[in-house]
Amino acid sequence: MIKVSLLKDLALKHGTPLFIVDHDEVRGNYAEFKRNLPRVQLYYAVKANPDPAIIRTLYAIGASFDVASIAEFKLVHDNIRHLPADARQNFIWDKIIYSNPIKDRRTLEELDRYKPLVAFDNQEEIEKIRRHAPHAGLALRIRVPNTGSMVELSSKFGASPAEAVDLIAMAFDAGLTVEGLGFHVGSQCTNFENYVQALAISSSIMEESEARGYPLKLLDIGGGFPVRYDTHVRPFRELARILRAELDRLFPKSMEILSEPGRFMVGTTATLVAEIIGKSERDGKRCYFINDGIYHTFSGILFDHCQYKVKAFKKGSKTISAVFGPTCDALDVISQAEELPNLKLGDLVYSENIGAYSHASSTFFNGFPPAQVIHIHQ
Ligand SMILES: Cc1ncc(COP(=O)(O)O)c(C=O)c1O
């Protein structure tokens, strides 16, 4: 966590709104994941925060990458441009997965020359890949329980377990190679049972696939690893203990295990500092207007179903206050009930643990640009 005094100094120096990314925290999260799950290859899900500086830091410490658009692929590829052609190709094959099950045909045409590993979850996609990216390797995304996860993904993605092996067979029949299976338990998954069930489902699909003559080499356990936004979220090491035991029980040592953590890698790495630009009282409640909001860094409230605490640097007795963003739109509400002291125009506030799915979905709506980003401990 960045020291509060440093946050204030940086905001006074650079202005607000300021999105401060701590690269020591990025490296710390990577190390925590690897320490607890040494068997699992970590592909950072770039969509959580595609800042090139974060990708560079993770590249430098040996991370792999999960990309879900051609633009994200290129952000990662920028780091390997200088490598000789064969080393570059090895990196793409060993350390990049294109995890979006649906790919535009133009994307596939562009991807084909890189021969990447790509996800799929339906028959149409097999035909599209056969035509437009025949050199890609495949990973079948299956549907698994997302119960209780903050962001549910299973309503949109994943083949039903019952059709999984038929899809694998169809892909092989089309002359493609299915390397393995993948799933996603939903983002910010605090119900660890989702992982347990997903691993059991994967194991039985793999057994059936092998029995039908299609042995698989890899299992991608996706993302979903939760950030401790509050103390109700059980620590990562508890989830990791369950995962280690289940992976060792259900899968042979030779099975490659991949993962795609996004939020876990960057959620805790950034803090936003904003300024009070307006103040009013409505129906007896104090209201603050700040220079960042729901169309900007706080977009995660809407898209990610995440709520962030707004804290003041100033001390003093607190009252329940509303906090609004700067745009001329009534949707721009950060919180209706934040405990804040009596603040003046120009005072600063901050929100911690706002590194994932926040700045990434910031817009220019109403003429307000996204917050300025600065990097510390790079
Ligand atoms: C395919 C895929 N992989 C990984 C992630 C990252 O998930 P998380 O941030 O929950 O770790 C997502 C998030 O939407 C995803 O769709």
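**Close-up views of a predicted model**

View 1. Proline 17 sits in the loop that runs between helix 1 (4-14) and strand 1 (18-22), where helices (H or I, at least four residues) and strands (E, at least two) are DSSP runs numbered from the N terminus. The bond that joins threonine 16 to proline 17 is a cis peptide bond, with omega at about -5 degrees. Most residues other than glycine have a negative phi, and most peptide bonds are trans. The structure is a predicted model, in which local features need pLDDT of at least 70 and side-chain atom pairs count only at pLDDT 80 or more, while totals for chains, interfaces and linings use all residues. Residue numbers start from 1 along each chain as its sequence is written.

View 2. The protein has 12 helices and 16 strands, and its C-alpha trace spans about 70 × 40 × 35 Å along the principal axes. Its radius of gyration is 22 Å, which agrees with the value near 21 Å that a compact globule of 378 residues would have; this radius is taken over C-alpha atoms, and the globule rule is 2.2 Å times the number of residues to the power 0.38. Of the 378 residues, 46% are buried, a word that applies if 20 or more other C-beta atoms lie within 10 Å of a residue's own, whereas exposed stands for 12 or fewer and partly exposed for the range in between, with C-beta atoms placed from the backbone. Among contacts between residues at least 6 apart in sequence, 73% join residues at least 24 apart, two residues being in contact if their C-beta atoms, placed from the backbone, lie within 7 Å.

**View 3. Leucine 272 in strand 10.** Leucine 272 lies in strand 10 (residues 270-282) and counts as buried because it has 28 C-beta neighbours inside 10 Å. Arginine 105, which is 167 residues from leucine 272 in sequence, is 38 Å from it in space, C-alpha to C-alpha.

**View 4. Valine 26 in helix 2.** Valine 26 has its place in helix 2 (residues 23-36), and it counts as buried because 28 C-beta neighbours are found inside 10 Å. When residues up to four places away in sequence are not counted, valine 26 touches Ile54, Thr57, Leu58, Met265, Val266 and Thr269.

**View 5. Helix 8 against helix 9.** Two packed helices are described by the angle between their axes and the distance between the axes. The axes of helix 8 (residues 161-173) and helix 9 (residues 193-211) come within 10 Å and cross at roughly 40 degrees; axes are lines fitted to C-alpha atoms, for helices over the stretch in contact, and angles run from 0 to 180 degrees between N-to-C directions. Pro161, Ala164, Val165 and Ile168 in helix 8 meet Ile201, Ile205, Glu208 and Ser209 in helix 9. By class, this contact has 6 nonpolar, 1 polar and 1 charged residues, where Ala, Val, Leu, Ile, Met, Phe, Trp, Tyr, Cys and Pro count as nonpolar, Asp, Glu, Lys and Arg as charged, and the others, Gly among them, as polar.

**View 6. The shell around the ligand.** There are 16 residues around the ligand, of which Ala45, Ser187, Gly223, Gly262 and Arg263 come nearest; a residue is near a molecule or strand if its C-beta atom, placed from the backbone, lies within 6 Å of it. The residues of this shell divide into 6 nonpolar, 7 polar and 3 charged.

**View 7. Two loop residues with positive phi.** Glutamine 188, in the loop between strand 7 (177-182) and helix 9, has a positive phi of about 55 degrees although it is not a glycine. With 23 C-beta neighbours inside 10 Å, glutamine 188 counts as buried. Tyrosine 357, in the loop between strand 15 (348-351) and strand 16 (372-376), likewise is not a glycine and has a positive phi, of about 50 degrees. Tyrosine 357 counts as buried, with 23 C-beta neighbours inside 10 Å.
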